[in-house]
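I record what I looked up, entry by entry.

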Amino acid sequence: MPPPAASRRRTVARVAGAFFALATAIVVGELGVSVATSGEASLLIGPLDERSLLTGSMLIAFAALCVGLWSVDAPRWMLALKIIGIVLAAGAGALAAFLVMLSIEVKVTPLLQGDCDTGYVVVERSFLMGSSGTVYRQDGLVATSVARTSGNNAYQPFAMDGYAVADADGTLTVSYAVNEPNTNSNPAGTYAASFSVPVLADRTPHCGYEAQREPIRSPSPPVTSAPEPMTAAAVDDQMTELVTASLDASSGTAVDASGAPIDAAALPIRSVSCAESPGTRRELQLDFRTDDNTRSVADILKVWDRAGYEQDRAMQEDIRYSEGRPVERMSVRDTSSIDGLIHLTVSSICIVE
């Protein structure tokens, strides 16, 4: 026979209490290490650094507290206090869950010199289009922060093996890429940032890591030369083809602000000066609406994704771009709540004729 309801609630309360005690012990241990070292060291357990341990433990603690309060019988005169406690614990748990979400994209990578470890590890996390890292000297479960790193476009250089280590006079100089290789800001083989840490001479390096190193993602190969000079007419043809495919993918018939159907082949394409180099850039701007603007924007983005363009996003604007194609960039912005329109801009590479 199943145990009575009161017995089940007591069992749930004991389990919740055990989880609460475990989470509290982790928090106390983390804070104890931090206080004892004046904030210079923290716990590092596998992929869990200080932030991950604290936020994860807080989530477990408040979830356990919420379940424990719900499971405990309370006299009627304490019922209001019990409900308030459950609500507060649930709210704090929701906040902890949000903080945990910000700590999910975490990678812990041993810092290697050649095939051997250096005694340092790098904890990297990405959020939106940025990334950051902390370099730790690890002694068992205790790790001391010794340097900070950063990256752009969510690129994690140490997890992706985008770094190099040089040893000179007892100092390790670590150079690393801030952006993914084969972009304009970071051609393959270049490193834009560096930091230095002392060689840990009182330890025996562990070797044999080479086979475990994660290879750099293979980006699109850069276009070094064109088989023939690019002309405005050739660029216009490709631009018109992509815009036509974009409008065909839209919901219903695409019309301009006045309600007239749009003929992609008749759209005006203008020349604008290139700010970064001599020549002109071909540009097409189009304001239109469809039967379902939200769905149309999503379908237009899929057209450019299938064409092999990279993804990016600015404030309220979706972007597709390429480093080597004649049609270099497309941006689309849905302002239906303001003027009922979709604003599409397509631009080419710089053309020198």
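This is a predicted model: local features need pLDDT of at least 70, side-chain atom pairs count only at pLDDT 80 or more; totals for chains, interfaces and linings use all residues.

Entry 1: Residues are numbered from 1 along each chain as its sequence is written, and side-chain values use heavy atoms, with hydrogens and water left out.

Which residue forms a salt bridge with Arg281? I found Glu328, with the closest N and O atoms 2.9 Å apart; a salt bridge is a side-chain nitrogen of Lys or Arg within 4 Å of a carboxyl oxygen of Asp or Glu. The pair links distant parts of the chain, since Glu328 is in strand β13 and Arg281 in strand β10, 47 residues apart. Helices (H or I, at least four residues) and strands (E, at least two) are DSSP runs, numbered from the N terminus. Glu328 counts as partly exposed because its relative accessibility is 23%.

**Entry 2: Other salt bridges.** I read off a count of six salt bridges by this rule. Side chains of opposite charge can pair when their charged atoms come close. In one of the bridges, the side chains of Asp236 and Arg282 meet at 2.7 Å, N to O. This pair also links distant parts of the chain: Asp236 belongs to helix α4 and Arg282 to strand β10, 46 residues apart. I found both Asp236 and Arg282 buried.

I then looked up Arg320 and Asp305, whose side chains meet in a salt bridge of 2.6 Å, N to O. Arg320 is in strand β12 and Asp305 in helix α5, distant parts of the chain, 15 residues apart.

Entry 3: In what order do the six strands of the open sheet lie? I recorded β9-β10-β14-β13-β12-β11, with antiparallel pairing; two strands pair if DSSP finds at least two bridges between them. The edge strands, which pair on one side only, are β9 (270–273) and β11 (310–314). From one strand to the next, the twist averages 25°; axes are lines fitted to C-alpha atoms, for helices over the stretch in contact, and angles run from 0 to 180 degrees between N-to-C directions. Strand β9 and strand β10 (residues 280–288) run antiparallel and are joined by four bridges. In this pairing I found Ser271 opposite Arg282 of β10.

Two helices pack on the sheet. Helix α4 (residues 232–249) touches β10, β13 (327–335) and β14 (341–351), and its direction makes about 20° with that of β10; contact means heavy atoms within 4.5 Å. Helix α5 (residues 293–306) touches β10, β11, β12 (317–321), β13 and β14, and its direction makes about 165° with that of β13.

**Entry 4: Asp237.** I located Asp237 in helix α4. Asp237 counts as exposed because its relative accessibility is 56%.

**Entry 5: Thr118.** I found Thr118 in strand β3 (residues 116–127), and Thr118 is buried, with a relative accessible area of 7%. What does the side chain of Thr118 reach at 2.8 Å? It is the backbone oxygen of Leu111. Not counting residues up to four places away in sequence, Thr118 touches Leu111, Leu112, Gln113, Leu172, Leu200 and Arg203.

**Entry 6: Aromatic rings.** I noted five aromatic pairs; rings of Phe, Tyr and Trp (its six-membered ring) pair if their centres lie within 6.5 Å, and planes under 30 degrees apart count as stacked, over 60 as edge-to-face and the rest as tilted. Phe158 and Tyr176 form a tilted pair, 5.3 Å centre to centre with 45° between the planes. Phe158, Tyr163, Tyr176 and Phe195 form one aromatic cluster. I found both Phe158 and Phe195 buried.

Definitions and conventions
Buried means under 20% relative accessible area, exposed over 50%, partly exposed in between (1.4 Å probe, protein chains only). A polar contact is a pair of N or O atoms within 3.5 Å; within protein, one must be able to donate a hydrogen and the other to accept it, and residues adjacent in sequence count only if both atoms are side-chain atoms.
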